[in-house]
Each structure stands twice: as structure tokens, then as C-alpha cells.
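Here is a short briefing on one predicted protein model, arranged by topic for quick reading. Please keep the viewer open as you go.

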Amino acid sequence: MRWPWLAALAVASCLVVTGLGLFGGGAPGAPVPERTATVSVEQGDTLASLAARFAPESEPGAVVARIKELNRLDQAVLVPGLPLTVPVADVPAP
């Protein structure tokens with residue numbers, strides 16, 4: 001009689017953790033910027049680092065997806081010197 005209860009408790013725990021991950025993730029970041037710019041990939045750049053550099057307030061995963069879409073990238077292999085179109089956050093006016 002002990003194993004069914006342990007299994008039920010494990011399943012319930014998984015559901016709680018999944019629910020917290022889906023619904024308790026906090027406020028989403030800013031939307032992906034509409035404005036874009038063409039930048040040159042530098043040594044050591046990744047799509048995630050480009051997303052953080054050019055759209056720091058936005059959700060990194062969404063910005064990476066937009067970079068892939070804009071540049072028709074299937075894989076994230078970046079070569080230094082490669083020109084990429086990236087979303088760019090608006091610079092606040094002084």
C-alpha cells in the first residue's frame with residue numbers, strides 16, 4: 001500500500017513544479033524590438049550574447065528566435081565577420 005502513495009506523491013510533485021514553471025515565471029521581459037540593425041559577429045559571440053547586448057530588456061530566447069528568423073539560420077554556428085540582422089532596443093531619449 002506504500003508504493004501507490006509514493007507514486008501519487010511523486011506525480012503530484014511533478015505537476016506542482018511544472019505548474020510553477022509555466023505560470024509562476026514572473027513578469028515576462030519587454031517585447032522583442034521591431035527595430036533592427038546589421039552587426040558583424042565578433043570572436044566568441046553567440047546568439048544569446050548578441051540578444052543580451054542588443055535587446056537586454058527582452059526575453060533572450062525570443063530575441064534569439066527572432067535573430068534566427070531574420071537571418072534564416074537553422075543552426076547557431078557563428079563565424080567572426082558574418083553580418084547578422086539583430087533586433088535592437090530603442091535608446092532612451094535624454
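Ile67 touches Leu47, Leu50, Ala51, Leu84, Thr85, Val86 and Pro87, leaving out residues up to four places away in sequence; contact here means heavy atoms within 4.5 Å. Please bear in mind that this is a predicted model, where local features need pLDDT of at least 70, side-chain atom pairs count only at pLDDT 80 or more, and totals for chains, interfaces and linings use all residues. Residues are numbered from 1 along each chain as its sequence is written, and side-chain values use heavy atoms, with hydrogens and water left out.

**The nonpolar core**

- Ile67 is one of the residues with the most contacts inside the largest nonpolar core, alongside Leu47, Leu50, Val63, Leu78, Leu84 and Val86. This core has 14 residues.
- H2, H3 and strand S2 (83-87) each supply at least two residues of this core.
- A nonpolar core is a set of buried Ala, Val, Leu, Ile, Met, Phe, Trp, Tyr and Cys residues joined through side-chain atoms within 4.5 Å. Buried means under 20% relative accessible area, exposed over 50%, and partly exposed in between (1.4 Å probe, protein chains only).
- As background, nonpolar side chains tend to be buried together in soluble globular proteins.

**One face of helix H2**

- Which residues of H2 are buried? They are Leu47, Leu50 and Ala51.
- Viewed down the axis of H2, its buried residues fall within an arc of 100°, so they line one face of the helix. The arc is that of the directions from the helix axis to the C-beta atoms.
- The buried residues of H2 pack against H3 and S2.

- Asp45 sits in the loop between strand S1 (36-40) and helix H2 (47-54).
- Is Asp45 buried or exposed? Asp45 counts as buried because its relative accessibility is 12%.
- Beyond its neighbours within four places in sequence, Asp45 is in contact with Ser40, Leu50, Arg53 and Leu78.
- Asp45 forms a salt bridge with Arg53, with the closest N and O atoms 2.6 Å apart. A salt bridge is a side-chain nitrogen of Lys or Arg within 4 Å of a carboxyl oxygen of Asp or Glu.
- Arg53 is partly exposed, with a relative accessible area of 40%.

**The other charged pair**

- By this rule, the count comes to 2 salt bridges.
- Arg66 and Glu69 meet through their side chains in a salt bridge (2.9 Å, N to O).
- Because Arg66 and Glu69 are 3 residues apart in helix H3, about one helical turn separates them.
- Arg66 counts as partly exposed at 26% relative accessibility, while Glu69 is exposed, with a relative accessible area of 55%.
- In general, side chains of opposite charge can pair when their charged atoms come close.

**Asn71 in helix H3**

- Asn71 lies in helix H3 (residues 60-71).
- A polar atom of the Asn71 side chain lies 2.7 Å from the backbone oxygen of Thr85.
- Setting aside residues up to four places away in sequence, Asn71 touches Pro83, Leu84 and Thr85.

**The chain overall**

- The chain has 3 helices and 2 strands, running α-β-α-α-β from the N terminus on. Helices (H or I, at least four residues) and strands (E, at least two) are DSSP runs, numbered from the N terminus.
- Buried residues make up 20% of the 94 residues in the chain.
- Among contacts between residues at least 6 apart in sequence, 70% join residues at least 24 apart.

Key
A polar contact is a pair of N or O atoms within 3.5 Å; within protein, one must be able to donate a hydrogen and the other to accept it, and residues adjacent in sequence count only if both atoms are side-chain atoms.
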